[in-house]
Amino acid sequence: LFSLQCTVHSLELRPLVQASYAPLKITVNKNLDGVLSERRTETDLVFQGGTELIFSAEFATMRYGFGVAYRTPQKYEDEEFVPASVPFWGVVTFGNIRVDRFFSPYLAIRLGSIAPITSNGNWWERPYNFLINPGVGVIFPYSIGLEFNYEYCSMQKSFVDKELKFRVNSHRIGI
């Protein structure tokens, strides 16, 4: 019988609110029967709210966990490029969080996927949707954190019967 054990020193539940604001552009790649075209367009602000569950070992300066959130649609005025979605990710942070200091800096990396909230099945035919989100942050007294991050997100919408695919790529700086 093989057994694997670990002692969890701390468990954190971090609520989060994020605004992704710059650059306010996305790239829409269209592939119709092998013919590629690209369009860059502006978008409005994207907001996200969710939570992360973070674990740490007793003697490690690394924390790890996972998170889930709700994200508003990516649109410009009345034209919607990506529907509202639910991103979910794994997170690893590096830094010693100490409550006796005025601030504790850390680095974070999040890798995950993103699921659109829509009844349109074309978003689900080939769900190659992913996100990469590195960030740098600081924890202040009372466990209040502030983080600046960069996110690259890519979502695909495909119409198999028409051999048409759209891939929406966005990169943003968030706070």
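**Notebook: strand pairing in a predicted model**

I began with the hairpin of β10 and β11, where three residues lie between the strands and Y142 takes a positive phi near 65 degrees. I was working on a predicted model, in which local features need pLDDT of at least 70, side-chain atom pairs count only at pLDDT 80 or more, and totals for chains, interfaces and linings use all residues. Residues are numbered from 1 along each chain as its sequence is written, and side-chain values use heavy atoms, with hydrogens and water left out.

I took strands as DSSP runs of E with at least two residues, numbered from the N terminus, and I counted two strands as paired if DSSP finds at least two bridges between them.

I then followed β11 onward to β12 (residues 164-174), and found the two antiparallel over eleven bridges, with R167 in β12 as the partner of Q156.

Next I turned to β5 (residues 62-71), which pairs with β4 (residues 46-56) in the antiparallel sense over nine bridges; here I54 stands opposite G65. I also looked up β8 (residues 85-94), which runs antiparallel to β5 and is joined to it by eight bridges, and there S85 is the bridge partner of R71.

Conventions
Helix = DSSP H or I, 4+ residues; strand = E, 2+ residues; numbered from the N terminus.
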